Amino acid sequence: LDATEPEGLVNLNQETHLGSGNLLMNSYSLETTSGIAAGLRRDYPEAQGARVFSLTRSSFAGQQRTGAALWTGDTAGTWDMLRRQVASSINYPLSGIPYWSQDIGGFFRPRDQYDSEEYHQLLIRWFQFGVFTPIFRVHGAGTHTEIWNFGMETMNAINTSAITLRYRLLPYIYSGFWEVETRGYTMQRGLIFDFPEDPQLWNVADEFMFGTALLVTPFVSNASSTSR
């Protein structure tokens with residue numbers, strides 16, 4: 001589901017029956033995904049309705065019950081955007097909604113993406129970060145995103161450091177998703193979730209837990225060292 005926000009933002013700076021249109025803008029997404037989920041469950045109970053899933057770029061409180069996962073829309077393929085995606089992936093589950101996604105490598109990419117060594121380094125780091133997010137997916141605008149398009153060296157680095165690792169983690173991830181289903185758990189967790197007694201961790205935006213056992217600090221620049 002691409003655009004689950006009201007066309008033209010008609011609620012902007014307006015008062016609605018429920019209150020501020022600015023605060024309640026994304027309730028449109030909740031109603032859209034609710035309608036789709038209800039229809040699938042009613043009309044296809046043994047097929048898509050048995051396990052409803054949709055991907056949308058808008059979200060609102062309670063939307064997890066509609067089987068909808070958020071992705072962060074049309075991002076740019078830059079180091080700064082990778083940094084922002086890490087922060088977004090931490091903040092979103094703090095709302096209690098567990099499934100977050102992104103366009104690994106950015107939706108808008110540089111024209112020299114297939115030849116640029118700097119972009120290849122960014123793409124490798126972005127894939128490595130994606131391993132430790134709930135939904136592991138790559139997407140881009142007007143581009144061939146298959147990893148073999150970026151050369152053998154980049155493809156091998158992504159395969160060995162990210163894709164193979166994701167497959168190895170599947171039992172761990174699926175066990176975590178069972179906790180999501182039965183306990184309202186979130187696999188990707190801001191540090192305040194698991195260490196609430198430490199105020200130094202309350203505002204950390206570049207490090208998180210993935211499940212109960214893995215502490216993750218993604219590389220978000222092409223520098224040779226990290227801050228911690």
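Reader: Which residues does Thr154 touch, not counting residues up to four places away in sequence?

Author: First, the basis: this is a predicted model, in which local features need pLDDT of at least 70, side-chain atom pairs count only at pLDDT 80 or more, and totals for chains, interfaces and linings use all residues. Residues are numbered from 1 along each chain as its sequence is written, and side-chain values use heavy atoms, with hydrogens and water left out. Contact means heavy atoms within 4.5 Å. With residues up to four places away in sequence not counted, Thr154 touches His120 and Ile124. Thr154 itself lies in helix 4; helices (H or I, at least four residues) and strands (E, at least two) are DSSP runs, numbered from the N terminus.

Reader: Why does Thr154 count as buried?

Author: Buried means under 20% relative accessible area, exposed over 50%, and partly exposed in between (1.4 Å probe, protein chains only). Thr154 counts as buried because its relative accessibility is 7%.

Reader: How many aromatic pairs does a search of the whole structure find?

Author: A pair of aromatic rings is described by the distance of the centres and the angle of the planes. Rings of Phe, Tyr and Trp (its six-membered ring) pair if their centres lie within 6.5 Å; planes under 30 degrees apart count as stacked, over 60 as edge-to-face and the rest as tilted. The search finds ten such pairs. In one of them, the ring centres of Tyr114 and Phe150 are 5.3 Å apart and the planes are at 45 degrees, so the pair is tilted. This pair links distant parts of the chain, 36 residues apart: Tyr114 is in the loop between strand 5 (100-101) and helix 3 (117-130), and Phe150 in the loop between helix 3 and helix 4 (152-183). Tyr114 is partly exposed at 27% relative accessibility, whereas Phe150 is buried at 2%.

Reader: Why is the pair of Phe129 and Phe208 edge-to-face?

Author: The planes of Phe129 and Phe208 stand at 75 degrees, with the ring centres 6.3 Å apart, so the pair is edge-to-face. Phe129 in helix 3 and Phe208 in strand 7 (residues 208-210) are 79 residues apart, and their pair links distant parts of the chain. Both Phe129 and Phe208 are buried.

Reader: Where does the charged end of Arg125 sit?

Author: A charge sits over a ring if NZ of Lys or CZ of Arg is within 6 Å of the ring centre and within 35 degrees of the ring normal. Here the charged end of Arg125 sits over the ring of Phe219, 4.1 Å from its centre.
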